[in-house]
Amino acid sequence: MAARVLLRHRVAAPFMAATLVGGALFPSVALAEAPPQQTQEYLLARKKPIYDDFEAKPLPKSTTPVPSPASETIPASSKPFPDPEDEHIVSRRPTPTDRLAAQIGKARLFLYKQAVTAEDGVNAAVDKAFNLERSFTSTIASLAPPRESGEQLMPGLIYVLVASMAGSIMSRNRNIVLRASLPVILGVGAGWVVIPVTMGNVSDLLWTYEKRFPAVADAHVRTREGIQHALHMTKIHAQLGKNYIDDKVSDARDLVEGWVKKGK
């Protein structure tokens with residue numbers, strides 16, 4: 001009997017060691033079996049409900065029709081799932097990122113407007129410069145005489161410059177008014193004599209600018225009319241003086257011829 005107990009203890013020790021070593025070297029997953037379906041139903045039936053007075057009573061049948069979830073009679077707040085059209089109504093507070101994005105958008109729009117304004121200003125300035133250059137070149141070209149007129153600018157301009165210098169030399173010992181006006185008068189007179197076509201073009205150009213100032217234009221018109229009237233009267237008086245001298249010379253010649261005849 002004692003030997004059997006000792007043998008049992010000797011056999012149990014190696015068996016337990018082998019079991020532990022096998023569990024360590026070859027781990028496995030132990031799956032617990034669920035109780036059968038009848039046992040689960042029995043356990044659920046034995047559970048006591050939370051509320052003692054709870055009784056499963058059937059709901060009373062209602063005669064009014066129950067609207068569907070998609071019906072318009074149900075308010076939007078009581079619908080379990082809001083419609084996609086109502087999603088945009090739900091508003092949320094803007095986050096710092098949204099506010100930063102809005103400020104950055106405003107700054108970009110401001111910079112874009114300023115850049116567009118600066119670009120428009122530069123384009124307007126360039127267009128104005130091009131228009132001025134075109135106007136200047138066309139004006140200078142319009143002052144030149146046509147080829148069929150046969151007028152040459154270079155000799156004529158030299159003559160005008162010489163006449164102006166002569167007027168300055170003639171009036172150097174005179175008063176300041178004569179020294180300022182005589183070279184201009186002689187130069188303009190020489191220009192009308194030597195290069196009349198060019199002087200006519202210059203006069204027309206000056207007249208277009210003078211028409212912008214009515215007072216200057218009226219003074220110019222009156223001055224020109226006075227000069228023309230003076231020239232016309234001068235020509236008339238010159239012609240009268242010439243006729244008078246011719247008459248006197250004719251009378252003197254007739255008188256001398258009469259004396260000569262009487263002396264014979």
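Which helix is Gly 167 found in? Gly 167 sits in helix H4, residues 153–170. Before I go on, keep in mind that this is a predicted model.

Okay, so more on that glycine. Gly 167 has 0% relative accessibility, and because buried means under 20%, it counts as buried. What is it touching, once you leave aside neighbours within four places in sequence? Gly 167 is in contact with Leu 182, Pro 183 and Leu 186. Take the proline: Gly 167 and Pro 183 are 16 residues apart in sequence, yet C-alpha to C-alpha they are 4.3 Å apart in space.

Let me zoom out for a second. The protein has seven helices and zero strands, and along the sequence the pattern reads α-α-α-α-α-α-α. There are 264 residues, of which 9% count as buried. As for contacts, take those between residues at least 6 apart in sequence: 44% of them join residues at least 24 apart.

Now for helix H6, residues 196–210. With 15 residues at 1.5 Å a residue, H6 should span 21 Å, and its end C-alpha atoms are 20 Å apart, so the two agree. Which residues of H6 are buried? They are Thr 198, Met 199, Gly 200 and Glu 210.

H6 packs against helix H5, residues 176–194: their axes come within 5 Å and cross at roughly 120 degrees. That angle is why H5 counts as oblique to H6. On the H5 side, the contact uses Val 188, Gly 191, Trp 192, Val 193 and Val 194, and on the H6 side Pro 196, Met 199, Gly 200 and Ser 203. Sort the residues of this H5 contact with H6 by class and you get six nonpolar, three polar and no charged.

H6 also packs with helix H3, which covers residues 96–143. Here the angle is about 140 degrees, with the axes 8 Å apart. H3 and H6 are therefore oblique to each other. Who meets whom? From H3 we have Thr 139, Ser 142 and Leu 143, and they meet Thr 198, Asn 201, Val 202 and Leu 205 in H6. The classes in the contact of H3 with H6 come out as three nonpolar, four polar and no charged residues.

Last stop, the core. Which residues make up the largest nonpolar core? There are five in all: Val 160, Ala 163, Ala 190, Ile 195 and Met 199. Apart from neighbours within four places in sequence, Ala 190 is in contact with Tyr 159, Val 160, Ala 163 and Ile 195.

For background, nonpolar side chains tend to be buried together in soluble globular proteins. That's my tour, so over to you.

Notes: Residues are numbered from 1 along each chain as its sequence is written. This is a predicted model: local features need pLDDT of at least 70, side-chain atom pairs count only at pLDDT 80 or more; totals for chains, interfaces and linings use all residues. Side-chain values use heavy atoms; hydrogens and water are left out. Helices (H or I, at least four residues) and strands (E, at least two) are DSSP runs, numbered from the N terminus. The expected span of a helix is 1.5 Å times one less than its number of residues. Buried means under 20% relative accessible area, exposed over 50%, partly exposed in between (1.4 Å probe, protein chains only). Axes are lines fitted to C-alpha atoms, for helices over the stretch in contact, and angles run from 0 to 180 degrees between N-to-C directions. Angles under 35 degrees count as roughly parallel, over 145 as roughly antiparallel, 65 to 115 as roughly perpendicular and the rest as oblique. Contact means heavy atoms within 4.5 Å. Ala, Val, Leu, Ile, Met, Phe, Trp, Tyr, Cys and Pro count as nonpolar, Asp, Glu, Lys and Arg as charged, and the others, Gly among them, as polar. A nonpolar core is a set of buried Ala, Val, Leu, Ile, Met, Phe, Trp, Tyr and Cys residues joined through side-chain atoms within 4.5 Å.
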